[in-house]
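Subject: Structure handover

Hello,

Here is the structure we spoke about. Please open it before reading on.

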Amino acid sequence: MQNKKVSFIFLIIVLITLFGCSTQKSEKLPRNVNSKQAQIFSQILRNNLSRETTKFQVTALSTKGANFASEGYVNWKNGLVSNSVSLNGSGRADLNAISNKDLVYENYFGLDTLMKKNNLTPKKWVSRTIDKSIYGIDSISQFILSLVSTTAENPLLLKQDGAQYLGQRKINGDVTSMFRKKGGDIVYYTKNDSTLLGVRVTLKGFTTPMLITFSSSANITIEVPNENDVYSIDDVSKFYFQNRPKF
Amino acid sequence: MKKIFIISVCLIFVISCSSEKKVSLPKRISVKAGASIQKAIDKASPGDLIILETGTYNGDVVVSTNDLTIRGKDRNNTIIDGKYKQDNGFIIAANGVRIENLTVQKFRTNGILFQGGYESDTTNTSTPDVLDRYKVQYVNALNNGLYGIYAFSSKNGVIANTYTKANADAGIYIGQCKPCNALVTGNIAEDNGLGFQGANASKELYIFTNNFSNNRAGIHLLSETKETKSPQEGVVVKGNLASKNNNDSAPTTTPDLYGFGIVIAGGNDNIVENNRTEENIQVGIALVENNAFLPSNNSFKGNFSRNNGSPFGFDLAYLISGRPDVMSLGNCFENNSYSSSSIDKIQTVLPCTGAAPGPFKSQPLKNFKVPDAPSYDSISVETLKQENIKKINSIPGKLKKISKPDLSQIGVPSAE
């Protein structure tokens, strides 16, 4: 009888504990940003203008893009990106580029050999105009370059317009808040001082969403290549695309 | 008998004690240079006067107590400095607050913001959607990332005798109010993206005797979809100077708004009278659409608009983008002094009584490449000598609702 009583009391305690835990309110996400979050969100693109050259990495967020990797550097103030892409999981850069908003300077593994075969003195770079609709590397570089603004947004209107807070996530060890504009498909990961540490986006021409992370400034200078080291695409068009990685 | 008397006395004492409201008289609170303004505000009671001694202070101050007055000892040397790292000088989330006689500078967003519908993160409370009664006077707002002085979803306000400079969006901005019940008068705004902007700011808003010159654009009233309470309507713009708004040393968030004195963009029922607009490189006074909002029933009377638009535009312009002609829509021009207009003989074809509906052919502006703008935080901050408020230590009474002002005596101002 005594054991039955003890068991019964124990059961009651367990039930109360379980019930209490299940009724604990967890934050329902996503939800609209509050005033403070709107303030943080409003500054992130303006903030990028004052950052030094920043390293980035691009990874595909599905197994479809498992062999794809891209990394590089961006200087938002100067409007320049240097980017290398690996397509077969080997770790070797298959394609390299330096881009601004109009032009891209490319090279790829084996290009110098191809130039020699075609009786051209090898030069490091080939320049062409940007075309996001054709080239994945342009889609990446132009998107990254677009993550800057000379002006902050109005946080009151961001909030009123339904900008959302999606919770928190660690990016390279730093806790970030995740924000998205209403109806938007870009998720921004930012620290509370409006430092952008990442974005999640499905870029034009890609079927897989990408995670692009930004890490602390690097002591790197991105420069437009010297014209003596550049062939125009017209100079090499006969053979350039034969071996160029399709990206 | 004696017992009854004693009981009565006790009852009277108890009742008077229990019904006595603990009302404190307004008091003066002095804040020493560099001390926390926020702490002083948090300790203050409604009606108090907070005096900031001469010196420099941090910003990001939130005012959530009604009827406070925050006043600097010296307008030019009581400085709330954000150092381009803080977001707002003051956010006012309470009714009846005055900010006076000080300088707010170098904030990433606003110098002073009156915000209806503010929601606090720490107290989990919100202010009413429309903030009621506010006043800013004898304030300098310099080098802020969006607005120098911003009243959002607020009514019964006064913005007077302020000086705003090098603010990236506008020196003064009133947004999303209908009615606004506000007076904007005696202000100087220069070297800003815009001198004054009113987005969906409507009814009982009086903008008079200000100097909005030497910005990228002077006065801009617009209807838009980002803010609620569209369309913009029913504002009086009278007796203002809006000249030489071609300043390529001014920052901006709206680069294309350059070289305009006064612009009504998609607004209705506005009265634009007795203003002087000269030497604006595109248009002196412009009536245009904004996105899907067409302007209607705006009247332009008695303005002096000359030497504008050479060679790109006009003194007076009524234009709808992409259309070679415009309908009257009740818009009219009368007794203005001008020499060029986008519609030939604009005052003859669009008088304020008996105008035909149209259409009327309107010439477009010539192509004009707007210059780049510097960043607001690259512009040097000047030391100023603006006029101080009188009676620094006087505790004011509660702010009252705004009455319609008598503007009948206001004429065209003289040139600078």
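This is a predicted model: local features need pLDDT of at least 70, side-chain atom pairs count only at pLDDT 80 or more; totals for chains, interfaces and linings use all residues.

Chain A

Chain A has six helices and 13 strands. Its radius of gyration is 25 Å, well over the 18 Å that the globule rule gives for 247 residues, so chain A is more spread out than a compact globule. Along the principal axes, its C-alpha atoms fill a box of roughly 100 × 45 × 30 Å. Of the 247 residues in chain A, 47% are buried. Take the contacts in chain A between residues at least 6 apart in sequence: 56% of them join residues at least 24 apart.

The interface

How many residues of each chain are in contact? On chain B there are 25, and they touch 19 residues of chain A. Together the two chains bury about 1600 Å², with 45% of that on carbon and sulfur atoms. Nine residue pairs are in polar contact between chain B and chain A, both residues being at pLDDT 80 or more. On the side of chain B that touches chain A, the elements giving two or more residues are β9 (110-115), β11 (147-152) and β14 (170-177) of chain B. β11(B) gives the most, with three residues. By class, that side of chain B has eight nonpolar, nine polar and eight charged residues.

One salt bridge crosses the interface. It joins Asp377(B) to Arg46(A), with the closest N and O atoms 3.2 Å apart.

Salt bridges within the chains

Over all chains, the search finds 22 salt bridges. One of them pairs Arg128(A) with Glu106(A) at 2.7 Å, N to O. Arg128(A) sits in strand β7 (residues 125-129) and Glu106(A) in strand β6 (residues 103-108) of chain A, 22 residues apart. Is this pair buried or exposed? Arg128(A) counts as buried at 5% relative accessibility, and Glu106(A) is buried at 0%.

In chain B, Lys106(B) bridges to Asp81(B), the closest N and O atoms being 3.8 Å apart. Lys106(B) is in the loop between β8 (97-105) and β9, while Asp81(B) is in strand β6 (residues 78-81) of chain B. Both residues are buried.

Lys203(B) and Glu233(B) also form a salt bridge, at 3.8 Å, N to O. Each lies in a loop of chain B, and the pair ties together parts 30 residues apart in sequence. Lys203(B) is partly exposed at 38% relative accessibility, whereas Glu233(B) is buried at 14%.

Best wishes

How values were computed
Residues are numbered from 1 along each chain as its sequence is written. Chains are lettered from A and ligands numbered from 1 in the order in which they are written. Side-chain values use heavy atoms; hydrogens and water are left out. Contact means heavy atoms within 4.5 Å. Buried area is the accessible area (1.4 Å probe) that two parts lose on being put together, summed over both. A salt bridge is a side-chain nitrogen of Lys or Arg within 4 Å of a carboxyl oxygen of Asp or Glu. A polar contact is a pair of N or O atoms within 3.5 Å; within protein, one must be able to donate a hydrogen and the other to accept it, and residues adjacent in sequence count only if both atoms are side-chain atoms. Helices (H or I, at least four residues) and strands (E, at least two) are DSSP runs, numbered from the N terminus. Ala, Val, Leu, Ile, Met, Phe, Trp, Tyr, Cys and Pro count as nonpolar, Asp, Glu, Lys and Arg as charged, and the others, Gly among them, as polar. The radius of gyration is taken over C-alpha atoms; the globule rule is 2.2 Å times the number of residues to the power 0.38. Buried means under 20% relative accessible area, exposed over 50%, partly exposed in between (1.4 Å probe, protein chains only).
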